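Load the model and keep the sequence beside it.

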Amino acid sequence: DAGDATSMGSPSGWTRCSQRDLEAVQDEHLMRIRSGHIPEKFARFDPESKLFVPTELHTHQYPKDQPQAKVVGDLSTPVQELCTDLVAGVQELASRMNRFVLDETSCPAERNLHVLSAVQERMRALKEGDVLSSEQKLVGGMDHISPLTLAAQHLRELLGIYLEIAEVNQKREASMKVKENIKYDVGDVVYHTYFGFRGVVVGWDEKPIFDVRHWDGLQHVDNPQDKPFYHIVPDENDCIEAFGAPRGVRYVCEDNLMDCPEGRRSIKVDLDVGWKRSDSDVYTAPHTLRYQYGSDPEDDGATERCLYRIQNEMYNWHLAAQSTTAEDVIAQKLSMANLYSLLQNVENQVDAYAVQETIKEMRKAHVQKETQSKLECGISFLVGGDGKEAMEVYKELVEDDPNYAEAWNRLATCQFMLGDYEASLESTKKALELEPNHVQALSGLGLIYFEEGEYKEAAQAFRKSAALDPWSLVATKLSLTVDLMNR
């Protein structure tokens, strides 16, 4: 298990063991092994037999271990109906949002509305159930896919669309406010005046998202924390000369950049799919990237209106789906309760992740969109390593709305990371008082008890979390807690 390997300080991979050193796992909450290597040998975890079912090739190699194993298992009628409802809910939601595009134009591609055209194509594929990967289609398509996997993949694609549109809208809104202060645009070829390499701008920030005060190459720059920073894909040969080896994307202060001379713009860079390079060494970013960094699509606002309508529709679903009395049919099919039921039945880690992330996104939803935006701001502080600033944001949130469970959960996380276990415990209990089935809060409760040496209470919290989400990473801590209790 990858989590167990990490806790032991060991690499995650295959290990050869003597049979005398092994014993069968009897605890049902510890049976689902999380590892990227599992799909190489096993098709799924079977909750009835409590065994990982080998792939057809692995069964051929070990024919007597599980001779009756089925790559696609039999599901009970309620679980089949659950999967049918979830798939139908996603497809109906996609169909509804696809109509938002049609409200603006019947054919965005012909009007050169490239961003809307790409969104429409993804919505069309989703409402038609076209969610299988090329590999899945190659090995037999729907006949070889469990309804559980099909439901999870519908959710994964829906979540991907939502997160991408939300990011584009947020980035464009922020970009439009500061665009006039930004010297270089995406696609510009620039030269680093300090380290001497050329590169292509693939993104920028009004101010650095990291603490850059002590970075090499910035000691001569006054107040770098207040300057624009650019994401640069550097020329490979220039990096070898400057650093001794190729480098990935560089994060560069505007004060260290200048326009690259025209005669030196023929550079060797590895750009993402969608970028174009002309014969005259002009680099053009993908349409979506240009749009989110403030380019004008010249469509009288059609793209912006449509993307915000789609984001709002998904936002409204996230809110309604948490209610047990939702009137919207789609919200009923894609309810939080149904997502938890799917999570407790999915048979592999990849499918579980799609459901886990969907639930996490739903937990953020708040009737006041500004409140959720503030929560996201706190998350950005936390990801950037500024736990104290994040904690202040979350404290303001719970003061403004003491019934916002996710804010209490995030506050508890910050307090835990900063070592204030007593305050973290109180915040966690408040989150669970509001949302008793909050998986992350239950896991956090277990972590607090674990750090305090209260292993019995920790195990109880971990088991509650694992019962709701059998694929949760909390199993690693539960395993360690059980070992400590048995010593």
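The side chain of His-366 reaches the backbone nitrogen of Gln-368 at 2.9 Å. That is a polar contact: a pair of N or O atoms within 3.5 Å, where within protein one must be able to donate a hydrogen and the other to accept it, and residues adjacent in sequence count only if both atoms are side-chain atoms.

Some ground rules. This is a predicted model, in which local features need pLDDT of at least 70 and side-chain atom pairs pLDDT 80 or more, while totals for chains, interfaces and linings use all residues. Residues are numbered from 1 along each chain as its sequence is written, and side-chain values use heavy atoms, with hydrogens and water left out.

His-366 sits in the loop between helix 13 (349-364) and helix 14 (369-383). Helices (H or I, at least four residues) and strands (E, at least two) are DSSP runs, numbered from the N terminus. Is His-366 buried or exposed? His-366 is buried, because its relative accessible area is 8%. Buried means under 20%, exposed over 50%, and partly exposed in between, with a 1.4 Å probe and protein chains only. Beyond its neighbours within four places in sequence, His-366 contacts Tyr-315, Leu-319, Thr-371, Gln-372, Asp-401 and Tyr-404. Contact means heavy atoms within 4.5 Å.

Now another loop. Asp-226 lies between strand 4 (198-205) and strand 5 (229-234). Asp-226 is partly exposed, with a relative accessible area of 47%.

Two strands pair if DSSP finds at least two bridges between them. Three bridges join strand 3 (residues 189-192) to strand 7. Val-190 stands opposite Asp-259 in strand 7.

Next, a helix pair. Helix 5 (residues 114-127) packs against helix 10 (residues 302-320) at about 35°, with the axes 10 Å apart. Axes are lines fitted to C-alpha atoms, for helices over the stretch in contact, and angles run from 0 to 180 degrees between N-to-C directions. Helix 5 contributes Val-115, Leu-116, Val-119 and Met-123; helix 10 contributes Ala-302, Thr-303, Cys-306, Leu-307 and Ile-310.

Finally, step back. The protein has 20 helices and nine strands. Of its 487 residues, 45% count as buried. Its C-alpha atoms fill a box of roughly 70 × 55 × 55 Å along the principal axes.
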